[in-house]
Amino acid sequence: MGNAWQAFRGWLAHRRAESEPGSVKAADPVVHVPEAPKAVVPPQVMPVAARSDLPPYPARPAHPAEAVPWTLRVAAEGMWRLLLVGAGLYVLLQIIGTLRIVALAFVAALLISALLEPTVSLLKRHGVPRGLATALTFLGGLASIALVAWFVFWQVSTHLNQLTDQVQQGIGQIRHWLETGPMHLTDTQINQFANQLTKVVGTNSDQIASFGFDTVSVVVEIVTGVFLAAFCTYFLLYDGERIWGWCLRLLPVRSRMSAAGAGPRAWATLTAYVRGTVVVAFIDSLSIGIGIYLLGVPLAMPIAVIIFLGAFVPLVGALITGTIAVLIGLVTHGPVTALLVLAVLLGVQQIEGHLLQPLILGRAVRVHPLAVILAVASGSIIGGIGGAVVAVPLVAVTNTVIGYLRARHAVDEDVRAALTAAAAPE
């Protein structure tokens, strides 16, 4: 009984202690309960826009053109403008090709007027009236051209029989060389070649006849162009200043000052080019004429006149027209004389390119030889012989005008900057 009573009292005291405030509760016995498995939570990824070390992602362009790279847009802007300029030049060339007789006649009149205008000015300064000075200069030019044409015709008609005999002898010498030379052709082979050539000529007789009709039409066009060029030349000499003033009035007001300054400089360049070309052509024809005359080539003087006319195409004209002398030397005196004539042509051509052109034309016509060759080739493709003649002066005048306009624009910019600085408040 005593032990039971003691146990009861201990339990009662324990309950009292728990019921009193501030009492410390005894720790319950630790019971190990297995933990439930925790759910795997993926790590949070920080958005790219929220990171401060990266630039913000660009938004979608509001217009499709904004997505095109800047260099491509600049290239496209320049390209369509170049296409428009090319289309305009193509249309202009087509119009010139349709009116080629008028265009070539007017350009020829400009070149002749640039050559004769100093004479008109000289006569006017000595008190000769303008109409009389123009008429005297114009008639003097026509008389000079007629005299040269008569001289060529006289030389050809005088030596034609002699030239025919020499050509026949030269053909015999060439035939003998073909038989005994390195080719060792037989008479049968040479006759077969001659027969084939005759058949070709007979087969293409219709084409040759049509070529004859075309030649007649070309002659008519040339005569028409000559009369038109003479008519334009006279009025350019007589009334050139008023014609230029009328052309200026056709331009916009803001462009008249630039054109008025570029016009006299372009005319001075054209005059210097024509004068220099005449002097160079005369020296070329005289030198080559003396050379082929000393070599015994017939028709030396008419060939020299043809070379003079061909030398108006710079660098290549005298050489191309001089091949006539090479062919005549070949059929009249054989291959040795032909090679010597070719050597004379090449020598004069080198003197022209390295001495005459820089010395006579000088700085008045500053066109690179590469530009000359490209201009002559392009002009011959577009306009034939006439295009080859007018191509180089056109390039020279264009170069002068562009240089003047660029210099004027630079001066205008400097003046505008000075005025802006002077008008700015201090």
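1. Helices (H or I, at least four residues) and strands (E, at least two) are taken as DSSP runs and numbered from the N terminus. The model is a predicted one, in which local features need pLDDT of at least 70 and side-chain atom pairs count only at pLDDT 80 or more, while totals for chains, interfaces and linings use all residues. Residues are numbered from 1 along each chain as its sequence is written, and side-chain values use heavy atoms, with hydrogens and water left out.

2. Overall make-up. The protein has 11 helices and zero strands. Of its 426 residues, 22% are buried; buried means under 20% relative accessible area, exposed over 50%, and partly exposed in between (1.4 Å probe, protein chains only). The accessible surface comes to about 30300 Å², and carbon and sulfur atoms hold 71% of that. These areas come from the Shrake-Rupley method with a 1.4 Å probe; for residues, only the protein chains shown count as cover. Among contacts (heavy atoms within 4.5 Å) with a separation of 6 or more, 70% join residues 24 or more positions apart.

3. Salt bridges. The criterion is a side-chain nitrogen of Lys or Arg within 4 Å of a carboxyl oxygen of Asp or Glu, and the count by this rule is two. In one, Glu77 pairs with Arg81, with the closest N and O atoms 2.8 Å apart. Glu77 and Arg81 are four residues apart in helix H2, so about one helical turn separates them. Glu77 is partly exposed at 41% relative accessible area, and Arg81 is partly exposed at 43%.

4. Asp239 and Arg242 form a salt bridge at 2.6 Å, N to O. Both residues lie in helix H6 (residues 205-249), three residues apart, about one turn of the helix. Asp239 is buried, with a relative accessible area of 16%, whereas Arg242 is exposed at 53%.

5. Nonpolar core. A nonpolar core is a set of buried Ala, Val, Leu, Ile, Met, Phe, Trp, Tyr and Cys residues joined through side-chain atoms within 4.5 Å. The largest has 17 residues, and Ile288, Ile292, Ile303 and Val341 have the most contacts inside it. Helices H7 (253-294), H8 (300-310), H9 and H10 (335-361) each give two or more residues to this core. Apart from it lies another core, of 15 residues, including Leu270 and Val390. Leaving out residues up to four places away in sequence, Ile292 touches Val297, Ala300, Ile303, Ala325 and Val341.

6. Helix H9. The 17 residues of H9 (residues 317-333) should span 24 Å at 1.5 Å a residue, and the end C-alpha atoms are 25 Å apart, which agrees. The expected span is 1.5 Å times one less than the number of residues. Buried residues in H9 include Gly317, Thr321, Ala325 and Ile328.

7. Surface patch. Val85, Leu89, Leu92, Leu93, Ile96, Ile381 and Ile382 form a nonpolar patch on the surface, with about 680 Å² of accessible area together. Patches are made of residues with over 30% relative accessible area and no salt bridge; like charges are joined within 9 Å, and nonpolar side chains (Val, Leu, Ile, Met, Phe, Trp, Tyr) within 5 Å. The elements giving two or more residues to the patch are helix H2 (70-98) and helix H11 (369-423). H2 supplies the largest share, five residues. Ile382, in H11, counts as exposed at 58% relative accessibility.
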